[in-house]
Amino acid sequence: MSQKKVHSLKDFDYFGNQRLVADLDSLEEAAKNANDEELYQKIRKFRRHRQRERFNLLIMFSFCLLSAYFVLDTRDELAYHFAPVRQPLALGAADALDINKLHHNDFVTIEGVTDHRAASVKRMRNLNPNIREYHYFHLAGSRVFLEAEEGKKYEPMQEVKVSGRVVDARIDRSFNSLLDFYRTKYLFNVGDNVRFIQVGQKPGENRLPYAIVFSVLGLVFCVNLIAFIRHRKQAAKIIGPNSQLGVLRSN
């Protein structure tokens with residue numbers, strides 16, 4: 001059985017610029033055997049900086065994933081709220097409208113009559129931390145629903161003319177539970193190819209909450225990047241210029 005080789009400090013050129021050795025434990029063991037307290041403390045300090053580097057990398061990687069998920073999850077809302085300000089497309093009466101002419105993220109004006117089938121849901125919109133109550137009305141003779149904040153007063157069998165953002169329920173699945181409610185409560189099934197008009201939602205508005213979230217994510221990333229660079233530089237000063245890749249040994 002082969003015996004484990006015991007290293008001495010002569011095996012290491014830890015301030016040199018020679019061949020790299022990944023075995024930092026051997027250098028630490030050699031420093032202990034030689035009672036070289038200064039080198040031993042340098043190695044311990046080096047390890048601490050490397051651990052902090054890995055922690056900062058983990059945080060940056062996590063925030064990159066979080067940011068990517070946030071962008072993918074809200075990409076349609078981001079595209080709408082950061083779009084140029086524009087005038088709504090006047091599409092006329094909902095009951096005479098081809099549903100396929102209502103495209104996701106369009107800004108439109110539409111007319112119709114609300115029928116007796118209505119619902120209300122408490123939910124968040126536009127990253128607003130306050131949960132608000134939204135009322136939903138179906139426009140008679142169409143596959144169009146209105147989503148209106150509680151403050152907007154609509155009644156059943158009321159003629160309305162509204163402007164807002166078009167949401168295709170096949171793309172935004174957050175409306176599935178509401179459509180299921182209509183199917184079970186009212187026995188009213190209009191299928192999946194339906195549209196919701198978010199009344200009052202204009203393109204180019206409500207940017208601030210999204211900007212704040214991106215700023216916070218960017219700030220956390222930058223803080224950890226700066227910390228990573230600082231720990232990397234400090235570690236490089238401890239055991240030679242190439243210590244970031246390992247411990248150095250002479251040939």
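Helices (H or I, at least four residues) and strands (E, at least two) are taken as DSSP runs and numbered from the N terminus. By this definition, the protein has 5 helices and 8 strands. Along the sequence these elements follow the pattern β-α-α-α-β-β-β-β-β-α-β-α-β. The structure is a predicted model, in which local features need pLDDT of at least 70 and side-chain atom pairs count only at pLDDT 80 or more, while totals for chains, interfaces and linings use all residues. Residues are numbered from 1 along each chain as its sequence is written, and side-chain values use heavy atoms, with hydrogens and water left out.

Accessible areas were computed by the Shrake-Rupley method with a 1.4 Å probe; for residues, only the protein chains shown count as cover. The protein exposes about 14900 Å², of which carbon and sulfur atoms supply 55%. A residue is called buried under 20% relative accessible area, exposed over 50%, and partly exposed in between (1.4 Å probe, protein chains only). Of the 251 residues in the protein, 39% are buried. Contact denotes heavy atoms within 4.5 Å. Among contacts between residues at least 6 apart in sequence, 68% join residues at least 24 apart.

The interior was described through nonpolar cores, that is, sets of buried Ala, Val, Leu, Ile, Met, Phe, Trp, Tyr and Cys residues joined through side-chain atoms within 4.5 Å. The largest such core has 17 residues, and those with the most contacts inside it are Leu 102, Ile 110, Val 162 and Ile 197. Two or more residues are given to this core by each of strands E3 (107-123), E4 (132-139), E5 (144-149), E6 (159-168) and E7 (195-199). When residues up to four places away in sequence are not counted, Ile 197 touches Val 108, Ile 110, Val 144, Phe 145, Leu 146, Glu 147, Val 162, Gly 164, Arg 165 and Val 166. A second, separate core of 14 residues includes Phe 145, Phe 175, Leu 178 and Val 190.

Strand E5 also contains Glu 149. This residue counts as partly exposed because its relative accessibility is 28%. Apart from neighbours within four places in sequence, Glu 149 is in contact with Arg 132, Glu 133 and Tyr 134. The C-alpha atoms of Glu 149 and Val 121 are separated by 9.9 Å, the two residues being 28 apart along the chain.

Leu 187 is placed in the loop between helix H4 (176-185) and E7, and counts as exposed because its relative accessibility is 75%. Asn 206 is placed in the loop between E7 and helix H5 (208-236); at 33% relative accessibility, Asn 206 counts as partly exposed.

The expected span of a helix is 1.5 Å times one less than its number of residues. For the 29 residues of H5 this span is 42 Å, which agrees with the 42 Å between its end C-alpha atoms. The buried residues of H5 are Tyr 210, Leu 217, Asn 224, Ala 227, Phe 228, His 231 and Ala 235. Leu 208 also lies in H5, but is exposed, with a relative accessible area of 60%.
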